[in-house]
Amino acid sequence: MKIAFFDTQPYDRPSFERYAAAAGMEIVFFEGKLCPDTAELARGCEAVCVFVNDDVNAEVIDRLYALGVKLIALRSAGYNNVDVAHAFGKIHVVHVPAYSPYAVAEHTMALLLTSIRRIHKAYNRTREFNFSLNGLTGFDLHGKTVGVIGTGRIGRIFIDICRGFGMRVIAYDKFPAADSGIEYVSTDELFAGSDIISLHCPLTEESYHMIDAKAIAGMKKGVVLLNTSRGALVDAEALLDGIKARRIGAACLDVYEEEADVFFRDYSGHILNDDTLARLISMPNVIVTSHQAFLTEEALNNIAETTVRNIRSCFENDGVCENELCYRCGNIERCKKDRKERCF
Ligand code: NAI
């Protein structure tokens with residue numbers, strides 16, 4: 001079996017080569033992202049393997065289908081970049097629902113601590129033998145209120161970490177978890193009552209720009225906003241305005257709405273064309289990491305192992321396509337598990 005692997009980064013190869021070899025699969029690695037112009041590279045392959053910034057839109061799906069590709073295997077949990085509805089009936093789509101929720105939750109806390117204790121500033125200062133403490137005053141997390149949006153796998157682990165710091169947790173989820181002991185509130189209450197807000201819900205039509213000018217206007221002055229979920233949950237222009245108006249005290253972003261053209265590449269020595277991103281990065285109270293929250297050894301191994309298993313299961317004739325994103329009944333992630341059969 002031959003798989004076209006798009007948007008390859010050097011850190012992808014060791015784990016995927018190991019698991020694919022053990023499963024007797026051949027992977028052809030391409031550095032470019034999957035898009036209408038590169039879809040042709042999948043000729044002769046039964047499956048394509050894609051990541052978060054490959055744009056698997058209707059046109060790409062039609063081209064892959066015409067080439068005889070039978071499976072789109074996301075090596076990510078989020079799937080907002082794949083037109084799953086258009087793929088229905090043509091190409092199966094699978095993802096990796098969980099590979100290390102700890103990696104993302106821990107990175108979120110790392111960003112928070114770095115920001116509020118000014119570690120990024122202190123690191124640069126001491127490297128130049130500047131041992132002044134001026135401007136490095138932080139605040140205690142103990143006793144602060146954190147508002148968590150999305151209480152799934154990652155959100156819950158982040159909640160546990162925050163509780164370990166003695167923080168009060170309030171949360172909003174479209175589908176609150178019964179008997180979880182989590183204090184659920186409305187988004188307005190969450191915005192008004194949180195010292196720190198952390199986003200852990202998927203990007204959908206409904207959650208697009210959930211953090212917009214109106215939401216920001218309803219937040220506590222000095223709030224710290226954490227986004228390790230998906231960039232388009234936040235209206236970046238509104239965020240900039242909120243920072244300039246001193247309403248947002250700090251922002252930690254592992255994701256950015258227009259990240260696809262920038263993240264995962266080295267643009268040092270180049271002029272960044274994205275003025276909004278450049279302005280955000282120039283702010284003293286903004287920390288940007290480039291979609292790095294997932295990047296641990298454990299996560300990379302789990303991603304490769306699950307993706308290879310997903311691909312195998314879809315080509316084995318036992319009626320199940322593991323971790324298929326099922327469009328048929330609208331319960332996109334869960335119905336397959338109940339039916340124990342393929343989406344189509
Ligand atoms: P999950 O599916 O376990 O949890 C998502 C939660 O969000 C669920 O409880 C769901 O009910 C809730 N939700 C759905 N729509 C909502 C809405 N409109 N408003 C509020 N809550 C809503 O997902 P998991 O594994 O916790 O991942 C969360 C997100 O983290 C993913 O969707 C993905 O975008 C992002 N992610 C980011 C990574 C990174 O490297 N930065 C890596 C992995 C995931």
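**Note on the predicted model**

1. The phi angle of Phe264 is positive, at about 75°, although the residue is not a glycine. With a relative accessibility of 15%, Phe264 counts as buried, because buried means under 20%.

2. A second residue of this kind is Asp7, whose phi is near 55°, again a positive value in a residue other than glycine. Asp7 has its place in the loop between strand E1 (2-5) and helix H1 (13-22). Is Asp7 buried or exposed? The relative accessible area of Asp7 is 2%, and the residue is therefore buried.

3. Turning to the chain as a whole, the secondary structure comes to 12 helices and 11 strands. The radius of gyration is 21 Å, close to the 20 Å that the globule rule gives for 344 residues, so the chain is as compact as a globular protein of that length. Along its principal axes, the C-alpha trace spans about 60 × 50 × 35 Å.

4. Of the 344 residues, 49% count as buried, while the accessible surface comes to about 16400 Å², with 51% of that area belonging to carbon and sulfur atoms. Among the contacts between residues at least 6 apart in sequence, 66% join residues that are at least 24 apart.

5. As for charge, the protein chain carries 38 positive and 47 negative side chains, and the centres of these two sets lie 4 Å apart.

6. The side chains of Arg63 and Glu59 meet in a salt bridge, with a distance of 3.0 Å from N to O. Both residues lie in helix H2 (residues 58-67), where they are 4 residues apart, which is about one turn of the helix. Arg63 is partly exposed at a relative accessible area of 39%, and Glu59, at 40%, counts as partly exposed as well.

7. Which residue forms a salt bridge with Lys174? The partner is Glu206, and the closest N and O atoms of the pair are 2.8 Å apart. This pair links distant parts of the chain, with Lys174 in the loop between strand E7 (168-172) and helix H7 (187-193), and Glu206, 32 residues apart from it, in the loop between strand E8 (196-199) and helix H8 (213-217). Lys174 is partly exposed, with a relative accessible area of 47%, whereas Glu206 counts as exposed at 54%.

8. Glu322 forms a salt bridge with Arg309, and here the closest N and O atoms are 3.2 Å apart. Glu322 lies in the loop between helix H11 (297-315) and helix H12 (335-339), Arg309 lies in helix H11, and the two are 13 residues apart. Glu322 is partly exposed, with a relative accessible area of 28%, and Arg309 also counts as partly exposed, at 39%.

9. Finally, Ser100 lies in the loop between strand E5 (92-94) and helix H4 (101-116), and it is buried, with a relative accessible area of 9%. Leaving aside residues up to four places away in sequence, Ser100 touches Thr296 and Ala299.

Notes: Residues are numbered from 1 along each chain as its sequence is written. This is a predicted model: local features need pLDDT of at least 70, side-chain atom pairs count only at pLDDT 80 or more; totals for chains, interfaces and linings use all residues. Side-chain values use heavy atoms; hydrogens and water are left out. The radius of gyration is taken over C-alpha atoms; the globule rule is 2.2 Å times the number of residues to the power 0.38. Buried means under 20% relative accessible area, exposed over 50%, partly exposed in between (1.4 Å probe, protein chains only). Contact means heavy atoms within 4.5 Å. Accessible areas come from the Shrake-Rupley method with a 1.4 Å probe; for residues, only the protein chains shown count as cover. Lys and Arg count as positive and Asp and Glu as negative; His and the chain ends are not counted. The place of a charge is taken as NZ of Lys, CZ of Arg, CG of Asp or CD of Glu. A salt bridge is a side-chain nitrogen of Lys or Arg within 4 Å of a carboxyl oxygen of Asp or Glu.
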